[in-house]
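This report sets out the main features of the structure shown below. It is written for a reader meeting the structure for the first time.

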Amino acid sequence: MIDVFLLIGLPYLALVTALVAGVWRWRNRRYSLSARSSQFLEDRQLLWGSAPWHIGIIVVLLGHIAAAAFPQIWSAILTVPGAVFIIETIGVAASLLAIAGLCTLVVRRLTSARLQAVTTNADLIVVALLLAQILLGLITATDYRYGSVWSTGTVVPYFWSIVTLHPEMSYVADFPMLFKLHIVGGWLFILVLPFTRLIHLLAVPIHYLGRAPQLVIWNNARRRQHAVVATIKAESRRAFLKGTAGVAGATGLMALGVSEKLANFFKGPRPDPEAESELLKKKLERLQQTAQERQLELERQRSNFIFVARYGELTETKGKYFTDYAMAPGLAFKGKDGLPIVLSAKCTHLGCTVGSEVDGQGRVLCPCHISYFSIATGQPNDGAPAKLPLPPIGWALMDEAGKEVASRQPGQPLQGKVDAELLKKCGLYITKPVKSV
Amino acid sequence: MSVKEAIKNVESYVGERFPVEKMNYASMVQKKEVPVHQLSWGYYIGGLALFLFIVQIFTGLMLLFYYQPTVSDAHASVEYITEHVPGGALVRNIHSWASSMMIAAVMIHLLTTFAMKAFARPREITWITGVVLLGVTFMFGFTGYLLPWHQIAVNATKIGLQTIEEIGQYLPGELATWPRAIKETIQGEASVGQATLSRFFALHVIILPLSIAAMLGIHLLSVQLHGMSAGVDEAPKRKEKFFPTFFLKDLKVWGVAFLVLFILGLCVPFESFFAYPLFSPFDPKGSTPDGIKPEWYFFWVYYPLELLPFWMIMLGQVVLGAVLVATPWIFQNTNRRAMRLLAVAAGIYLIVMTLFGENIYHLFKG
């Protein structure tokens, strides 16, 4: 029963009263719509009380309003990793700041006779309410963590059910008393708003932020001079603050973005198992490729013959690539006479690998700078960038038993005899070049 | 000339180039002024190159965290950076864009300082360190190009190094084998392989940065000591303070440059200008890809190399190098008008060869 009153009755009582009394005060007591500043009575402590208090409470209040007004956007923001922590931290820090400021203000009120003279009972009630309300909120935030998340499904619909005149207290009825009191506190503020200096909430002087500072002065020459100096000082300070705020804001945003990128860059990717195994597979393939390469190198250092291809695999139109003793590419073809043609495939111009397709004129092409090499002689075409012929490579044909059937060293005549039947069974090998000393 | 006189001469020569009495904050920063005239924009180019170098250091260090300089892993690690590391593609892309921009900046810097005759006494040392810095920057480009270890990179490096060996054919007797020995020393083995990759890596990330830092130190010190060169013949109507006025303007240019760089890095992959698939890893048994070209900043020497006999290009390079180093003395008495004309001619040549080199090549070679 008490719940019904506190969660449905009180809200409507507060809203109706605030509306009626607020409109009345707006129309009939226009000049009382103020915070009743006491700055001219005491301004040193005020700075250290009022500034933190207002900064803190504005941040907290804006958070509450944002969540209530745009619950979907609010929830969407919270899905960003880390956002909940950032928002909760900002909220708690801001409320602590507000409490600190409010305490300073209370001490200030209680220790200055001048201020006590202008303090009303309503002021004391408001201060007590504010302090209680913030403490309740803070305790809720720490005892029932992540209110920024769970509020969008509970308090926010409740708030809108009240506002849209379909009161539904079941959203919040099961909350602990502590949090219910926080809700009740909220309605109480609306209730007392038109009767206290809290009314200044509705007269937020936003345009103060952008307008030039104004000074109210006694009008005489000396004061005017002072005022000019003071205005210039204030003006330049304002420009400086604006600039600093802009630069700091931009730098801050950039630093935030950059550090986020940097942190993630150094954190590295965290691939899922599938992607990770895919990566590992690729790496392994490359390693095997390298191992193969090394194997070839070792083989070339150790053995006197390197297998190129079965004789039957050789053709007249397409060369077979292999790696020669210098670890450079070589090409093997079948010549018109049926004997193998074995050439280096490293272009004598700038060392590109020449192509393996033989054109109509019995030439292969180096694609880099267009040199055609005759495979029969190795000679480049006239006017080609390459001037020297592709060097021939010494080869040997061996039968299955490993017996040398025929061989030819560069610049020397053919050794051994060849007949077509025997050749078919042979394999083509390149022979280790004799080191010229 | 007696020994004493010789020492005295050296002393006064060095003393004029590095005036100790000016090595203080007041004259190097507070009193320094920058003339304001038609060619003032040239004063920003060197700073821009410096900024791009700083970008290269940062992005390069970041890449270093993931890059692995072995023939089996290099390509895979670059691929990993591009495809898997968060923001890796951006960092790598900025690194390659900034490298091109840095080379463009140092080339323009050379031309503008040449046109402004900024090498005149006592700024000879500034000019010569600048020429060395240009060479180091080109070497940065050449060594960095190999590191991803893909088909184009390895084959382009092979061809580049092969040109050294080519010189051998013009040398007499025993000397003819030297270029080959030099090439193999640079490569570390008979053909481009793991040793080459290790050496280029060491050059790119340790030796060249250190040498650029040393040269840059001398270069910047002399710039601050001697102040900005007047640049034009008529006395400047106005001068502005180097610090903070010009310095802040410099920062502004840097900011714009970074914005451009960042947007390019984010939106335009550097590889998109290549006609061939960049991302096939180097395969020693495969044939050289069709249409292989060096990076754009070598076009000015690459296309002439394709068109003219090799010895002409080599001779041209040697002459060009000698002229660049000796510029402060060769052009001692040339007036600024002639300097500007020469610089414009060189600039036009560079632009035409870089943009239309291929068309010119096809014009002559079909």
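## Contact between the chains

The contact between the two chains takes 28 residues from chain B and 31 residues from chain A; two residues are in contact if their C-beta atoms, placed from the backbone, lie within 7 Å. On the side of chain B that touches chain A, helix H4 (74-83), helix H5 (88-115) and helix H7 (151-166) each supply at least two residues. The most is given by H7(B), with five residues. By class, this side of chain B has 13 nonpolar, 10 polar and five charged residues. Here Ala, Val, Leu, Ile, Met, Phe, Trp, Tyr, Cys and Pro count as nonpolar, Asp, Glu, Lys and Arg as charged, and the others, Gly among them, as polar.

## Basis of the description

The model is predicted: local features need pLDDT of at least 70, side-chain atom pairs count only at pLDDT 80 or more, and totals for chains, interfaces and linings use all residues. Residues are numbered from 1 along each chain as its sequence is written, while chains are lettered from A and ligands numbered from 1 in the order in which they are written.

## The two chains in outline

Chain A has 12 helices and 10 strands, whereas the secondary structure of chain B comes to 13 helices and two strands. Helices (H or I, at least four residues) and strands (E, at least two) are DSSP runs, numbered from the N terminus.

Of the 437 residues in chain A, 20% are buried; in chain B, 31% of the 366 residues count as buried. A residue is buried if 20 or more other C-beta atoms lie within 10 Å of its own, exposed if 12 or fewer, and partly exposed in between, with C-beta atoms placed from the backbone. Among contacts between residues at least 6 apart in sequence, those joining residues at least 24 apart make up 57% in chain A and 79% in chain B.

## Nonpolar cores

A nonpolar core is a set of buried Ala, Val, Leu, Ile, Met, Phe, Trp, Tyr and Cys residues joined through C-beta atoms within 7 Å. The largest one has 94 residues, and B:Leu52 and B:Met102 have the most contacts inside it. H5(B) provides the largest share of this core, 13 residues. Leaving aside neighbours within four places in sequence, B:Leu52 is in contact with B:Ala98, B:Met101, B:Met102 and B:Ala105. A second, separate core of nine residues includes A:Trp53, A:Ala94, A:Leu105 and A:Ile134.

H5(B) contributes B:Met107, B:Leu111, B:Phe114 and B:Ala115, and H13(B) contributes B:Met339, B:Arg340, B:Ala343, B:Ala346, B:Gly347 and B:Leu350. These residues divide into eight nonpolar, one polar and one charged.

B:Tyr145 lies in helix H6 (residues 124-146) of chain B and counts as buried, with 21 C-beta neighbours inside 10 Å. Beyond its neighbours within four places in sequence, B:Tyr145 is in contact with B:Ala153, B:Ala156, B:Thr157 and B:Glu295.

## Strands of chain A

Five strands of chain A form an open sheet in the order S1-S10-S7-S8-S9, with antiparallel pairing; two strands pair if DSSP finds at least two bridges between them. Strand S1 (305-310) and strand S9 (415-416) stand at the edges with a single partner strand each, so one side of each is left without a neighbour in the sheet. Within this sheet, strand S7 (residues 395-398) and strand S10 (residues 427-431) of chain A pair over four bridges, and A:Trp395 has A:Ile430 in S10(A) as its bridge partner.

Elsewhere in chain A, four bridges join strand S2 (residues 320-323) to strand S3 (residues 329-334), which run antiparallel. A:Thr323 stands opposite A:Pro329 in S3(A). S2(A) and S3(A) form a hairpin with five residues between them, and A:Met327 in the turn has a positive phi of about 60 degrees.
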